[in-house]
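I opened this entry to keep track of what I looked up. The structure comes first, then my notes.

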Amino acid sequence: MSRNYESLHDPNAEYTMRELSAETMETTGTRGGGRDVEITDVQTTMVDGNFPWTLVRVYTDAGVVGTGEAYWGAGVPELIERMKPFVIGENPLDIDRLYEHLIQKMSGEGSVEGVTVTAISGIEVALHDVAGKILDVPAYQLLGGKYRDEMRVYCDCHTEEEADPEACADEAERVVDELGYDALKFDLDVPSGFEKDRANRHLRPGEIRHKAEIVEKVTERVKDKADVSFDCHWTFSGGSAKRLADAIEEYDVWWLEDPVPPENLEVQEEVTKNTTTPITVGENRYRVTELRRLIENQAVDIVAPDLPKVGGMRETRKIADVANQYYVPVAMHNVASPVATMAAAHVGTSIPNSLAIEYHSYELGWWEDLVEEDVIEDGYIEVPEKPGLGLTLDLDTVEEHMVEGETLFDEA
Ligand SMILES: [Mg+2]
């Protein structure tokens with residue numbers, strides 16, 4: 001027991017993970033026969049989408065290859081490369097154990113939160129694809145089955161005239177009528193012309209009026225046709241956030257997102273509890289340990305974990321379980337390629353409190369070309385019945401849009 005514990009926490013330990021697995025098997029008896037498959041390689045390729053998507057592939061000696069995705073960001077491919085020795089030779093069906101093992105193995109390098117958790121998330125998503133393919137079940141089945149056949153998707157909207165309330169309303173109407181979405185989001189941390197010094201986080205009265213006008217114009221334009229949320233990107237002081245939330249209460253917004261900086265949960269709680277405007281927070285917190293406090297303190301009305309950043313599919317499921325104890329819905333933040341978006345759809349269908357998944361790439365033009373399947377149709381994702389994530393990566397599209405200097409995945 002102590003040998004396992006110490007070796008997991010000692011970066012210089014000489015034990016291979018294969019040896020640790022053997023010990024685990026001996027002590028717990030949890031790994032039976034008939035599951036004889038090993039991970040042989042882990043590869044990454046970055047694709048230049050509207051964010052630099054980090055695609056991850058896990059290869060096995062069964063000839064099955066799983067595809068995952070980690071949230072974008074510097075250092076993620078390097079961290080995945082660093083973790084490769086910790087998973088090669090391991091059984092890809094033991095998703096939970098491998099996830100916890102990576103968290104423990106990387107704890108000295110920062111796996112409590114941040115980019116290391118993001119890198120682990122990418123591997124974890126790929127493991128669900130591998131396991132589903134080996135067991136011949138869709139990934140949602142690994143998570144407990146379905147609550148719904150389709151996942152609602154909300155479209156993050158932009159216009160070049162982001163500060164013009166009428167232009168925002170025009171774009172909202174276009175996205176609803178022409179693209180078929182019934183759920184939208186607009187940025188509210190846009191210039192109003194009234195700013196004096198944005199560093200102090202205080203909103204002047206003119207700024208509040210301008211933001212309320214954007215909310216009014218957009219919500220009135222698509223009233224009864226779409227739900228609309230508004231994102232503030234952690235910009236304002238607690239007092240200003242309360243004044244803004246109060247000013248838009250009359251417009252029935254879907255939610256107001258991240259009105260205050262993310263570090264101080266007490267301020268977040270104060271804002272949320274002082275308005276009837278629903279407040280959504282969560283995309284830059286990591287693992288259930290961090291999201292738990294937001295939820296338990298009732299500092300959020302809707303929680304917004306980012307699956308390929310927060311810890312992966314099962315970690316998102318755990319967050320949703322805690323949220324469900326407090327009757328809090330889950331609206332998954334998402335700026336990913338179709339890979340992690342589909343992973344979110346599998347998780348979303350497996351939890352009762354799923355509200356929607358974000359889509360952040362409607363201006364890109366080739367988002368769906370990354371895979372052979374249709375992904376979003378009329379604002380919804382039909383959760384596939386094919387094994388794993390149910391996607392086939394289009395390697396020609398990957399190659400066409402690879403970040404300069406990247407290498408294409410090996411064939412299966
Ligand atoms: Mg946001």
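My notes cover a metal site, a helix pair and a database record.

I am working from a predicted model, where local features need pLDDT of at least 70, side-chain atom pairs count only at pLDDT 80 or more, and totals for chains, interfaces and linings use all residues. Residues are numbered from 1 along each chain as its sequence is written, and side-chain values use heavy atoms, with hydrogens and water left out.

Metal site. I found Asp-231 (OD), Glu-257 (OE) and Glu-283 (OE), at 2.0 to 2.2 Å. Their spacing in sequence is D-x25-E-x25-E. Asp-231 lies in strand 6 (residues 227-231) and Glu-257 in strand 7 (residues 255-257), 26 residues apart. Strands (E, at least two residues) and helices (H or I, at least four) are DSSP runs, numbered from the N terminus. I noted that Asp-231 and Glu-257 are both buried, that is, under 20% relative accessible area with a 1.4 Å probe and protein chains only.

Helix pair. The axes (lines fitted to C-alpha atoms over the stretch in contact) of helix 5 (residues 115-135) and helix 13 (residues 313-325) come within 8 Å and cross at roughly 100°. Helix 5 is therefore roughly perpendicular to helix 13, a label for angles of 65 to 115 degrees. In contact (heavy atoms within 4.5 Å) are Glu-124, Val-125 and His-128 of helix 5 with Met-313, Arg-314 and Glu-315 of helix 13.

Record. In an unreviewed entry, UniProt lists residues 165-278 as "domain: Mandelate racemase/muconate lactonizing enzyme C-terminal"; such annotations may be inferred rather than shown by experiment. I read 45% helix and 11% strand over residues 165-278.

Technical notes. Donors are N, O and S atoms within 2.8 Å of the metal (3.2 Å for Na, K and Ca); water is not among the atoms, so sites may look incomplete. Buried means under 20% relative accessible area, exposed over 50%, partly exposed in between (1.4 Å probe, protein chains only). Axes are lines fitted to C-alpha atoms, for helices over the stretch in contact, and angles run from 0 to 180 degrees between N-to-C directions. Angles under 35 degrees count as roughly parallel, over 145 as roughly antiparallel, 65 to 115 as roughly perpendicular and the rest as oblique.
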